[in-house]
Protein chains: 2
Amino acid sequence: MSLVIVGSLAFDTIETPKGRKERIVGGSCTYCALAASYFTSPGIVGVVGEDFPEEVIELLKKRKIDIQGLERKPGKTFHWEGRYGHDPNFRTTLKLEMNVFDNFKPELPAKYKETDMLFLANIDPDLQEDILSQVKKPKIVAMDTINFWIKNKRPQLVRVMEKVDVFFANDEEVKLLTEEINLIKAGKRVLNMGPSLVVIKKGEHGALVLGKNNIFGVLAYPCEDVVDPTGAGDSFAGGFLGYMDRARQGNQSDIRKAAVFGSVMASYTIEDFGIERLKSLSDSEIKDRFSAFKKLLSF
Amino acid sequence: MSLVIVGSLAFDTIETPKGRKERIVGGSCTYCALAASYFTSPGIVGVVGEDFPEEVIELLKKRKIDIQGLERKPGKTFHWEGRYGHDPNFRTTLKLEMNVFDNFKPELPAKYKETDMLFLANIDPDLQEDILSQVKKPKIVAMDTINFWIKNKRPQLVRVMEKVDVFFANDEEVKLLTEEINLIKAGKRVLNMGPSLVVIKKGEHGALVLGKNNIFGVLAYPCEDVVDPTGAGDSFAGGFLGYMDRARQGNQSDIRKAAVFGSVMASYTIEDFGIERLKSLSDSEIKDRFSAFKKLLSF
């Protein structure tokens, strides 16, 4: 089994300076799986309600995403409502309706338990831990989280972190988690908590990848029209892990390319609302933007 | 004549989380000239009072900086007092004593008027314009400014901008100047105001270099101990212009390397208070850090 992604499938109501969208499809798992699908055929674990559109399920299938781990339950799909101001790096959560996500405790399909690459996207760390325990011999386990869990479930979060290889977080989260304002020091503290790699996403300022003996930085693609920043981080993780899954080596060169492909996918996601841009990218669009990053950063 | 730098020589009283220093030598011209001196032999235009230490003048001479344009006047040297919080990107000006800088209106030495590269560091735009008018046929004119002039002398500033080739500013200044929050759009607006190149310094997030048909980005060197951010921007400009002066070509490849050398010099400056680190760097230290940037950014 290829990369398995656990996270949310959701309806998002989003307000940005470019407009407002009611109940469009989003969720960490959705963004991540779509982004990863350009590199590998991931499987997903998540839950949707009766109201989740069948055509999105069809889209996932069309993109060769394995949906055996996707449950449809009576009730409504998880709903998030948020607003972005003029600085796309900051958002306010206006509403959070867990709906079918409440009491979600999946039993992984047998083949998922054999996966050697698992991504625990942003969900309750208790749930992350439970799912991790079901996977037999994963070679790479990656995770993401948000401030909410850092503030409210730190002990559980720290326990999961001890068992993962790659930790994704944005700069604000890493600072909150480690109580350290210098990002390099903060990243090193994360490395002392378990992960062998920490990927710090800095929004419009790009991303830093820190390992025990390596540091790599990539700038964000210069985007003049950020339409909707939602899902950028999950798309980054999807591109990163999808590429790592395809590369199969995991050496320093692969890690660096993975971070650039992560940036490529994030840069497309923010060009339109929701998952719109991730629905039908072409391979050449991905290749072209990878080249654009080369051009942006070479000297 | 090589690169001519016009700006302030100063006493700075600085408070950072790492400590407090009273009346140490600083100033945009001082930082810029010292940084540039590792690449070329710049001339400087500025003014100091009777209290300015002779050993710093000796240091400038030792670094092959031409001081024919440096005046010593009766009275006290320009004095700035500021404080940085835990975020090195933000500082508060606590005191500003112009002293001998008041009514400073230099007549450039004859050989300076022949220079083909002029840097108008952060000073009153009226003064920048006056000095610019004294230089006969400069090939490259660069300038820097601060929020104070953008707010209080915009028409004069805009007039100088029309005549320069390279505009240095930090992200905050570019946004204020163009009233545009998106940095890429803001940079493009600056390009429409005169300069053919805009260098946007983003502190710990690095720098962007925008030309009409080119964009280059460099991350900041990952520094775990920012002791004193003062002079980072001026050191960047010094490294950038010093390298451009040495390279003499000014093609895209030179511009990119110049931005990296700018980042190299800034990264050393912030490792200690004031000009301490810039006093006696070795060529191999500069080369090593350039290589470190290559390693940081290559994929």
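**Close-up 1. Surroundings of F119(B) in the predicted model.** Leaving aside residues up to four places away in sequence, F119(B) touches L3(B), I5(B), V6(B), C32(B), A142(B), A237(B) and L241(B) in this predicted model. F119(B) also belongs to the largest nonpolar core, which has 190 residues, and within that core I5(A), F119(A), I5(B) and F119(B) are the residues that touch the most other members. In soluble globular proteins, nonpolar side chains tend to be buried together.

**Close-up 2. An open four-stranded sheet in chain A.** The strands of this sheet follow the order β3-β2-β6-β7 in chain A, and their pairing is mixed. At its edges lie β3, spanning residues 19-26, and β7, spanning residues 91-97, each of which pairs on one side only. On average, and with direction ignored, neighbouring strands of the sheet are turned by 15° against each other.

**Close-up 3. The pairing of β2 with β6 in chain A.** Strand β2 (residues 10-16) and strand β6 (residues 79-84) of chain A run in the parallel sense and are paired over five bridges. Strands of a sheet pair through backbone hydrogen bonds, either parallel or antiparallel.

**Close-up 4. The side of chain B that touches chain A.** Contact between the two chains involves 22 residues of chain B and 22 residues of chain A. On the chain B side, at least two residues each come from α8 (183-191), β13 (215-218), α10 (252-269) and α11 (283-297). Sorted by class, this side of chain B comprises eleven nonpolar, five polar and six charged residues.

Key. Residues numbered from 1 in each chain as written. Chains lettered and ligands numbered in written order. Predicted model: local features only at pLDDT ≥ 70, side-chain atom pairs only at ≥ 80, totals over all residues. Pairing = 2+ DSSP bridges. Axes fitted to C-alpha atoms, helices over the stretch in contact; angles between N-to-C directions. Core = buried A, V, L, I, M, F, W, Y, C linked by C-beta atoms within 7 Å. Buried ≥ 20, exposed ≤ 12 C-beta atoms within 10 Å, placed from the backbone. Contact = placed C-beta atoms within 7 Å. Nonpolar A, V, L, I, M, F, W, Y, C, P; charged D, E, K, R; others polar.
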